[in-house]
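Lead sentences come first, followed by points grouped by topic.

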Amino acid sequence: MEWLEEDAPYWDETTELLVPRSIEVKAYVIAKAEGVLACSEEVESILKSLGFKARSLLGEGSRFSEGDRVMEIVGSARGLLYVERTLL
């Protein structure tokens, strides 16, 4: 995925050094402000293609408030740290 390479062409050296390859995590995307959910299916698809389990916790077009959990992601801690900034 070209856009991912553009964001971090050398991966994340700190993560590579400090986070063991074997660590798996469950993470949540939490809303920082109120809004309407858009493109969640596309985000799920991208995450799944990168080896994550991902599921939207709200339906497309749903309104959410600050603090609401929007998506659940399970997978490699290293991988998630690598892609989270770009995906959000």
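P20 is partly exposed, with a relative accessible area of 43%; here buried means under 20% relative accessible area, exposed over 50%, and partly exposed in between, with a 1.4 Å probe and protein chains only. The model is predicted: local features need pLDDT of at least 70, side-chain atom pairs count only at pLDDT 80 or more, and totals for chains, interfaces and linings use all residues. Residues are numbered from 1 along each chain as its sequence is written, and side-chain values use heavy atoms, with hydrogens and water left out.

**Confidence**

- The mean pLDDT of the protein chain is 87, and 86% of its residues reach 70 or more; pLDDT is the predictor's confidence in each residue, from 0 to 100.
- Helices (H or I, at least four residues) and strands (E, at least two) are DSSP runs, numbered from the N terminus.

**The sheet**

- An open sheet is formed by 3 strands in the order β1-β5-β3, with antiparallel pairing; two strands pair if DSSP finds at least two bridges between them.
- The edge strands, each pairing on one side only, are β1 (24-30) and β3 (53-56).
- From one strand to the next, the twist averages 10°; axes are lines fitted to C-alpha atoms, for helices over the stretch in contact, and angles run from 0 to 180 degrees between N-to-C directions.
- Strands β1 and β5 run antiparallel and are joined by 7 bridges, while β3 and β5 pair in the antiparallel sense over 4 bridges.
- M71 in β5 stands opposite V29 and also opposite S56.
- In general, strands of a sheet pair through backbone hydrogen bonds, either parallel or antiparallel.

**E72 in the sheet**

- E72 is placed in strand β5 and stands opposite R55.
- With a relative accessible area of 13%, E72 is buried.
- The side chains of E72 and Y28 make a polar contact (3.1 Å). A polar contact is a pair of N or O atoms within 3.5 Å; within protein, one must be able to donate a hydrogen and the other to accept it, and residues adjacent in sequence count only if both atoms are side-chain atoms.
- Not counting residues up to four places away in sequence, E72 touches K26, A27, Y28, K53, A54, R55 and L57; contact means heavy atoms within 4.5 Å.

**Helices against the sheet**

- Helix α3 (residues 40-49) lies across β3 and β5 and runs at about 170° to β3.
- E44 has its place in helix α3 and counts as buried because its relative accessibility is 16%.
- Leaving aside neighbours within four places in sequence, E44 is in contact with A54, R55, S56 and M71.
- Helix α4 packs on the sheet, touching β1 and β5, and its direction makes about 130° with that of β5.
- The buried residues of α4 are A77, R78, G79, L80, Y82 and V83.
- At the start of α4, a side-chain oxygen of S76 reaches to within 3.3 Å of the backbone nitrogen of R78.

**Nonpolar core**

- The largest nonpolar core has 9 residues: A27, L47, F52, A54, M71, I73, L80, Y82 and V83. Such a core is a set of buried Ala, Val, Leu, Ile, Met, Phe, Trp, Tyr and Cys residues joined through side-chain atoms within 4.5 Å.
- Two or more residues of this core come from each of β5 (69-76) and α4 (77-87), and the largest share, 3 residues, comes from α4.
- F52 touches L47, I73, V74, G75, S76, G79, L80 and V83, not counting residues up to four places away in sequence.
- In soluble globular proteins, nonpolar side chains tend to be buried together.

**Loop residues**

- P20 lies in the loop between α2 (13-18) and β1.
- P20 and S76 are 56 residues apart in sequence and 9.6 Å apart in space, C-alpha to C-alpha.
- C39 is placed in the loop between β2 (35-36) and α3 and is partly exposed, with a relative accessible area of 42%.
- The phi of C39 is near 65°, a positive value in a residue other than glycine.
- Most residues other than glycine have a negative phi, and most peptide bonds are trans.
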